[in-house]
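Trainee: Could you walk me through this model before I start working with it?
Mentor: Gladly; have a look, and then ask away.

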Amino acid sequence: HSGFNACCMKRICNGCDYAAEKRGMDDCAFCRTPFPDSSADELAMIQARVAKKDPSAMICRLGEIYCFGGYELQEDMQKAIDLWTEAAESSVR
């Protein structure tokens, strides 16, 4: 029922995303960043947010990617746990 924007780590409901598209917005409705062209570009966006210590990026995306595999990355449960721990220590609610 919602999508995830790798640029700013925000979720947007499908209805809002559709309404934005209908108004001609072809980029992120929150930060206006163009959507990535490939999964490699999306992974680079996520990793850039993690490098800035964004807890949402650590928990919501990169931790899950390492936990379940994806974006051509191997599953690595220890990396996932390390990211989740760091995010938790960053006072994520």
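Trainee: How far apart are the end C-alpha atoms of helix H4?
Mentor: They are 18 Å apart, which agrees with the 18 Å that the 13 residues of H4 (residues 77-89) should span at 1.5 Å a residue, the expected span being 1.5 Å times one less than the number of residues. Helices here are DSSP runs of H or I with at least four residues, and strands are runs of E with at least two, numbered from the N terminus.

Trainee: And what should I know about the source?
Mentor: This is a predicted model, where local features need pLDDT of at least 70 and side-chain atom pairs count only at pLDDT 80 or more, while totals for chains, interfaces and linings use all residues. Residues are numbered from 1 along each chain as its sequence is written, and side-chain values use heavy atoms, with hydrogens and water left out.

Trainee: Back to H4, which residues are buried there?
Mentor: Ala-80, Leu-83 and Ala-87 are buried in H4, meaning under 20% relative accessible area with a 1.4 Å probe and protein chains only. They lie on the same side of H4 because they cover an arc of only 65 degrees around the axis, taken from the directions from the helix axis to the C-beta atoms.

Trainee: What about the start of H4?
Mentor: There, a side-chain oxygen of Asp-76 comes to within 3.3 Å of the backbone nitrogen of Gln-78.

Trainee: Zooming out, what's the overall pattern?
Mentor: Along the sequence the protein reads β-β-α-α-α-α, and 28% of its 93 residues count as buried.

Technical notes:
Buried < 20%, exposed > 50% of the residue type's maximum accessible area, 1.4 Å probe, protein only. Polar contact = N/O pair within 3.5 Å; in protein donor to acceptor, adjacent residues only side chain to side chain.
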